[in-house]
Structure formats: structure tokens, C-alpha cells
Amino acid sequence: MQQERLLKVLVIGDLGVGKTSIIKRYVHQIFSQHYRATVGVDFALKLLNWDHKTVVRLQLWDIAGQERYGNMTRVYYREAVGALVIFDMTRASTFQAVLKWKGDLDSKVALGNGRPVPAVLLGNKCDQLSTDLCSKLPKLENFTRDHGFVGWYETSAKDNINIDAAIMCLVESIMAVEEERPPAGDPRDPSVLVSPRFDYNRTGMREGDGKYSVCKRESDSSMMH
């Protein structure tokens, strides 16, 4: 009998960076140029057959870009076990906001042992990338390592570039932390990594129609830079 793991993952970044588009691409395999700005928070659910023993319910929380300035993020972030931090590769100001989002995340949610939750950095809209802006970005390998990200990817929701790979990288990092955790009831157990309760009927959440494909973590050298 397979066991279920519920993973609450935050999708954060400035207004207009493509958070909703990335979620829609990943869950439903669709893309539109005309999404309305998210107000507050939205949800999506993806069911992953992780291995022969485990089913992962990946709960994606789409946090509105303006919410970092409000008081609700502490509520939204509660019990999250990972995050996608997204910026728009065509707008330098959204990259400058990355560390503010990461700082907000780390100040409001952490693993039970005090370590930050795993986070992957996504540079979205790489299909529109200009060489002028690219030259102004720091070396992202160094940037992500220095600021506590577990990885980074250039992505395009429009062209479906690296969306699956980026999310798989994050889920693998989350599951690796779960495997390191002592068994339930062990006095060394520092936390409950996976949120144990969620009423899907009350929220109206359901699994999307997108297909799931297993993706092994890529080495830095094989990432698209």
C-alpha cells in the first residue's frame, strides 16, 4: 500500500513574473497571455507517483506579487516545506526583489530544526531574454549558492522550458530532507515536515490534468544558463 505525502510549496515573486503561468503550465499543460493578476492567494494540486511506495500530493500556493508588502504572508507561508522564487528575466527590478522575497520567506517559515525550507530560483521568460539584460545579471550559480537556494533554472512557461525540471529539483530536495528525518515518535525528530491535514472538499482543490514525467536532478553543468 502506498503512503501519501502532502507537500505545501509556495510560488513567490513580484507581480507579473509569471507565477500563475508556470503553475498552469506545470499542472494543466496550458499557457495564456491573458491571466489576471492573482489577488491574495490561489491554489493548485498535482499528484505525483513518486515511487512504488509513495504518492506525493504537491500543493502549489500561488502568492500574489504584492503580498510581500502585506501582513498575510505569515499565514500563507505556514507549514510550507519548499518554495519557488521567481523573477522575470526581462525586468531587472524583479531580480532585485529576489532577496527581499527570500528574506521574507526565511523570516516566516523554517524547518523544525531551524534550517530554511528548500527554495529554487527561477528566471522566467527566458524566451524573451535580451543580451543587454543578461549581461547585467550576476553569475547565478554563485548567487544561488551564496544566498541559500538549492538550485536555479531559466524557464519559460510559454515555451515549456525547464518547468518540470525546476519543480522536480525542488521536490527531490524536500523529499531528501524528509528521508533524513528520524522516524515518527523518535525523540530526535525535530519537526513534522509534511503538513498532515488538509480538507480538499472544503477548498475545491483537485488534481490537474497535466501529465507527470519523472525527471532526475540535473547537475549544474547540464542546466540551461
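Q: What does Q29 count as by relative accessibility?
A: Q29 counts as partly exposed, at 31% relative accessibility. The cut-offs: buried is under 20% relative accessible area, exposed is over 50%, and partly exposed is in between, with a 1.4 Å probe and protein chains only.

Q: What kind of model is this, and how are residues numbered?
A: The model is predicted: local features need pLDDT of at least 70, side-chain atom pairs count only at pLDDT 80 or more, and totals for chains, interfaces and linings use all residues. Residues are numbered from 1 along each chain as its sequence is written, and side-chain values use heavy atoms, with hydrogens and water left out.

Q: Back to Q29. Where is it?
A: Q29 is in the loop between helix 1 and strand 2. Helices (H or I, at least four residues) and strands (E, at least two) are DSSP runs, numbered from the N terminus.

Q: What is its phi?
A: Positive, about 60°, although Q29 is not a glycine. Q29 follows helix 1.

Q: Is N162 buried or exposed?
A: N162 is buried, with a relative accessible area of 18%.

Q: What about T155? Where does it lie?
A: T155 also lies in the loop between strand 6 and helix 7. Its relative accessible area is 0%, so T155 is buried.

Q: What does T155 touch?
A: Leaving out residues up to four places away in sequence, T155 touches I22, L122, G123, N124, K125, C126, I161, N162 and I163. Contact means heavy atoms within 4.5 Å.

Q: And what separates T155 from A165?
A: They are 10 residues apart along the chain, and their C-alpha atoms are separated by 9.4 Å.

Q: How do the lining residues divide?
A: 7 nonpolar, 12 polar and 6 charged. Ala, Val, Leu, Ile, Met, Phe, Trp, Tyr, Cys and Pro count as nonpolar, Asp, Glu, Lys and Arg as charged, and the others, Gly among them, as polar.

Q: Which element gives the most to that lining?
A: Helix 1, residues 19-28, with 3 residues.

Q: How many residues of helix 1 are buried?
A: 8 of its 10. They are K19, T20, S21, I22, I23, R25, Y26 and V27. These pack against strand 1, strand 2 (41-51), strand 3 (54-63), strand 4, strand 5 and helix 7 (163-180).

Q: What is S21 in contact with?
A: I30, F31, S32, Y35 and A157, leaving aside neighbours within four places in sequence. S21 has a relative accessible area of 12%.

Q: Which residues of helix 4 are buried?
A: In helix 4 (residues 98-108), V98, W101, K102, D104, L105 and K108 are buried. They cover an arc of only 160° around the axis, so they lie on the same side of helix 4. The arc is that of the directions from the helix axis to the C-beta atoms.

Q: What covers them in helix 4?
A: The cover includes strand 1 (3-13), helix 2 (73-77), strand 4 (82-88), helix 3 (92-96), strand 5 (119-124) and helix 6 (140-146).

Q: How many residues of strand 5 are buried?
A: 6 of the 6, so strand 5 is largely enclosed by the rest of the structure. A119, L121 and G123 point one way, and V120, L122 and N124 the other.

Q: How many bridges join strand 4 to strand 5?
A: 6, and the two run parallel. D88 stands opposite N124. Strand 5 also runs parallel to strand 6 (residues 151-154), with 4 bridges. There, G123 stands opposite E154. Two strands pair if DSSP finds at least two bridges between them.
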